[in-house]
Amino acid sequence: MINFILNDLNISTDLFPTTVLLDFIRKEKMLTGTKEGCREGDCGACTILLGELVKGTVKYKSVNSCLMPLGDANGKHVVTVEGINQKELSPVQATMVDEGGTQCGFCTPGFVVSMTGYFLNNLSLNPDDAIESLGGNVCRCTGYGGIKRAASDSISIFEDGKSDDRNHLENLISLKFIPIYFHDIKKRLEKISENHKSVDNKSSIVISGGTDLYVQRWESLVSSKGNLISQDKKLAGISKMGKQINIGSATTIEETKSSKLLQKYFPQWDNYLSLFGSLPIRNRATIGGNIVNASPIGDMVNILLALNSTVHLRDGKKKRLILLKNFYKGYKSLDKKKNEIVEKVSFQIPSKNSFFNFEKISKRTYLDIASVNSSIYMELKSGKITTIHISAGGVAPIPLYLNNTCNYLRNKTINTETIKNAAEISSKEISPISDARGSAEYKSLLLRQLLFAHFLKLFPQLVDPEKLL
Amino acid sequence: MRNVDSTRHVRGESLFVDDIVSPQGTLYGYVYYSSIAHGKILSIDFEEALHVHGVKGIISAKDIPGENQIGGIVQDEDLFAEEFVHFIGHPIALVIAESFLQAHDAAKKIKCVFEKLPAVFDPREAAEKGELIIPQRIFELGNINKAWKKCDYIFEGTVENGGQEHLYLETQGSLAFPIEGGGIKIISSTQGPTTVQRTAARVLDLPMHKIEVDVTRLGGGFGGKEDQATAWAIMAALAALKLNKPVKIILPRQEDIRITGKRHPYSSDFKIGLTKNGKILAYDVTFYQNAGAAADLSPAILDRTLFHCTNSYFIPNVKATALSCKTNLTPFTAFRGFGGPQGMFVIESAIYKAAKELGIDPSEIQKINLLKEGNEFPYGQKTLNCNIKKCFAGVEEKYKPEEVFDRIREFNSKNKLVKKGAAIMPVTFGISFTTTFLNQASALLHIYTDGSVSISSAAIEMGQGVNEKLRIIAANELSINIERIRIDSTNTSRVSNTSATAASKGTDLNGFAVIDACKILIERLKKVAADELKLYKTSRIVLKNEMVFYKNDKTDLTFTKLVNIAYQKRISLTAQAHHSTPNIYFNKKTNKGEPFAYHSYGVGIMEVTLDCLRGIYEVDSVKVVHDFGDTINKTIDLGQAEGGIVQGIGWMTMEELKWNSEGKLLTDALSTYKIPDIHAVPKEMKIHFLENVSNPFGPNNSKAIGEPPLMYGIGVYFALMNAMR
């Protein structure tokens, strides 16, 4: 049985855990406020909030219900727009109406849910962050002007009305951002958590975040008994052991993005990962999923390649380690046995004299798949490159590690000539194809430009842009 | 008062086709379509598909009782392919099953054998082969041959514009079910309920009165559901008729993008001649419209390209030629602007080229050629109440273009890897269906005995706020509380022979019809009041703020009381009114006339920043002065302007339809076809409503607003071009 709370209602269902949550909401429960716009996590019309007990409090995150297996709702609070509705409009709803944040209304419930999620999740509020939280929702009518004004007005309503005598949740309830039943969700979830046993049905289809798997083949997944691993706590978490950082395979991209540990070693970390999918996608997509998916343009893999990461595989008690750059054998083909699952990925913490950069070009800057992406990690000693790892996505059938380019650059000093030569070498170890994201020539040119961008950004004083271009 | 539609939207309570509680036993249809761009169907085998669990039937051309024909302007489009397929996505059959997944699985088991035939995707190639949808169209003014000699400069060029996917958030869909007496009721997400009704009657071989089409609202239309909603509605109706069951078709997103029509790509040649001081004397332009495999609305769209080929400029000598070229792609269709944007893009390209060659800013040429009062368009109509110069002056005053250009020059001289650019974009857009007979609408207005009012009209609510505007118009006319008024669904049994809600005309046509219906009822109610107050004349009676006034004095007759007295006196509380736009005509032989009720005007200035290293850009600002007439609702009009601008920017920048050499669309999902998200929009958008511009030709002196703002997006393209200069 899958047990969870849907809005104010306790649910117990024995439907397949791989059932698409969106279908359960719309077809089983007839809650039609949640819309189907694309079934690939690219429009946000199906956005719901997923509340989970974390260290004694309920944490909410926005999720695309079109890509989420019902089984992963087990023990959680699922909130649709109907679960936000009260007799009067909430401030988010009212400002959306008053500022013209809605026209045809089809995307609107998704925006209302995402924006409400922003208020639930954030103690300190500002319009830019609120807008950031709407990155997974597209609107074809408004041009977003009214939506931005609504976000800003809602924040003012909260700031003007909040009281220091109440905690955040109580403030939200008292200002009618959320209905009163949210009060008891914590207690109700604790009861469910005590009662429920985790879903267990081992089969060959391992489903982690499902954010790509459900795009590719939801039709076949819903009639199979998938092995849902994303809720397996043993596989989640980021830790430092000596000089090594470990990221569990079920760690979400958003958890990775907001990791203080990683932000400490990579000051731009948060910015890099804001280019990965959207908040609802990052809330579900996992490190392990991104690695195993083997997409040649995966952003996280691109970064991990340049950190020369190691993949930790496990089959029962058998463990095996393999360098990420050796993990990919061909298009979507891995050096992984059928029963092996990725347990974690690890890399060395960057040394003090190291440099890191990530670049991504896509047609649209946010919530888009890269045309080309590239990461670089470098260690320098008295002006010479001692260690270097460069990755390139979108230019080969696999997430590419630029072996020859790295070999050339090792022990070189950085100057315009060296970089030009490196770009020349890189162009010979790639094999881009023409597709929806650009022609082979364009991608080839992009990689050259991104290599230049790495050095121009990291060593502006050593490189003359005029001579480079 | 809050917009009632918006209030429902934010609560997720608005009902779209797929949200309506389906009748018991509803079946689901899945469209099986051609996988090749052009070919002959040698054989088709449904046997295995029919045996898939849950499958209730498969219908194709042979199941059609009437005509297998859905073409509106030209009879060249079949509902289901019979002998030949003409594009990837050409429907061949509909699989009907108990669930969507069953239908989807079964469709994979259909075996269709084709003989491939040569396919054409390029409009110029089609034109060379004589594959035209209609004979070429030419608009002329002055004498272009004589004019070239007077020109000091002549520039020529060729430009291409891409198409655009509508990407309405609600995909195409319909639900049809049998009704008593052999009829069918269709709930459809269509902008043209009568088009659906008329075409269904033809295909199903039923009289139109046996087909009822009902539309509550659309999750976005933008023209994509004007003609292109019809096929799915009729397929559902045909299946419902055949199986005697309710049948629903909701196109999955990817199918919707693959098989439905989009904005037309064009390839165009221009030649522009100017005097030394920048006056444009002559303009010769040829448009090759990629119409796709069937006419759809392409001929009308082609005409609007010609109507707007000189945008906001007076050019005394013009020759504009347009060819609608038949290719093996999905039939292209209406999209906000309806061919106008393509026409404007070419004249702006010509001006850009001239300016570049002459080493001046395009805005210098734009400014001195702006339309003046009384100037003649190539189609014979002369400007009246021309506000384009006022808008331009407004931009100069408010947004200081000279300072913007100076600031940008300064920035660019200091920055190597990042460049800025700006452009000005004037927009002049004719308001009316250019097919004159479509400029009609009617409204049916009921007052109930509790004083509540229900209005039915031909207008379809698709986010543009027409419902709320009609409520405001009616509340204003009847002088009652807006809360009393409900806009009912658009239904062919209540309002007949409707024109599609399109051409930005929804509020204009239906608003006037509502006003007329209100006037009829007011007259009746005044008579009742006169009778009740024992007065002989009604002329001094006024209905105001829910009360009856006599000679400016309030009586004790309330609106509700009056309505009840009328009922008791057996006076009809229902009125029907029909409106048609006066004084418009267009002669399609001479291509001259007065096709437009009026013109809409506006000018924008756009700024962009270009990252020359990475080839990426940001839109810094779009600032506009626009003529809205007297706005009926500022929130709605502002939303139309902002939304149109962003959609236009999407078209001119990131949105890309890309086909492979076989004619298969590669950008057929939201992951590959990118529309602007909240980060991609201009960082700053300013929309100034031009003051003191009452429009006598619009209801409540307002102006149409749906389409014109889209064309500001063209300015962003030229701002990027200027940044690259």
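Predicted model: local features only at pLDDT ≥ 70, side-chain atom pairs only at ≥ 80, totals over all residues.
Trainee: What do E17(B) and E18(B) form, and how many residues lie between them?

Mentor: They form a hairpin with five residues between them. In the turn, B:Gly451 has a positive phi of about 90°.

Trainee: Which strand pairs with E18(B) in the parallel sense?

Mentor: That is strand E19 (residues 485–487) of chain B, over three bridges. Here B:Ile455 stands opposite B:Ile487. To get from E18(B) to E19(B), the chain passes through helix H14 (residues 466–478) of chain B, a β-α-β crossover that is right-handed.

Trainee: Why is that crossover called right-handed?

Mentor: The term applies because the path from the first strand over the helix to the second runs clockwise when the strands point away from the viewer. The path to follow here is E18(B), then H14, then E19(B).

Trainee: Why is strand E18 (residues 453–457) of chain B called mostly covered?

Mentor: A residue is buried if 20 or more other C-beta atoms lie within 10 Å of its own. Four of the five residues in E18(B) are buried, so the strand is mostly covered.

Trainee: What about chain B as a whole?

Mentor: Chain B has 18 helices and 29 strands. Its radius of gyration is 27 Å, close to the 27 Å from the globule rule for 725 residues, so chain B is as compact as a globular protein of that length. The C-alpha trace spans about 80 × 80 × 50 Å along its principal axes, and 59% of the residues in chain B are buried.

Trainee: How many contacts in chain B join residues at least 24 apart?

Mentor: They make up 80% of the contacts between residues at least 6 apart in sequence.

Trainee: How do you know that domain 1 of chain B touches domain 2 of chain B?

Mentor: A contact means that the C-beta atoms of two residues lie within 7 Å. By that test, 18 residues of domain 1 are in contact with 19 residues of domain 2, both in chain B, so the two domains touch. The touching side of domain 1 has six nonpolar, eight polar and four charged residues. The centres of these two domains are 37 Å apart, taken over C-alpha atoms.

Trainee: Which strands of chain A form an open sheet?

Mentor: Four strands do, in the order E15-E16-E17-E18, with antiparallel pairing.

Trainee: Why are E15 and E18 of chain A said to stand at the edges?

Mentor: Strand E15 (354–361) and strand E18 (400–401) of chain A each have a single partner strand, so one side of each is left without a neighbour in the sheet. For E18(A), strand E17 (residues 384–393) of chain A pairs with it over two bridges. A:Ser391 stands opposite A:Tyr401 there.

Definitions and conventions
Residues numbered from 1 in each chain as written. Chains lettered and ligands numbered in written order. Buried ≥ 20, exposed ≤ 12 C-beta atoms within 10 Å, placed from the backbone. Pairing = 2+ DSSP bridges. Rg over C-alpha atoms; globule rule 2.2 N^0.38 Å. Domains from an automatic or database assignment. Nonpolar A, V, L, I, M, F, W, Y, C, P; charged D, E, K, R; others polar.
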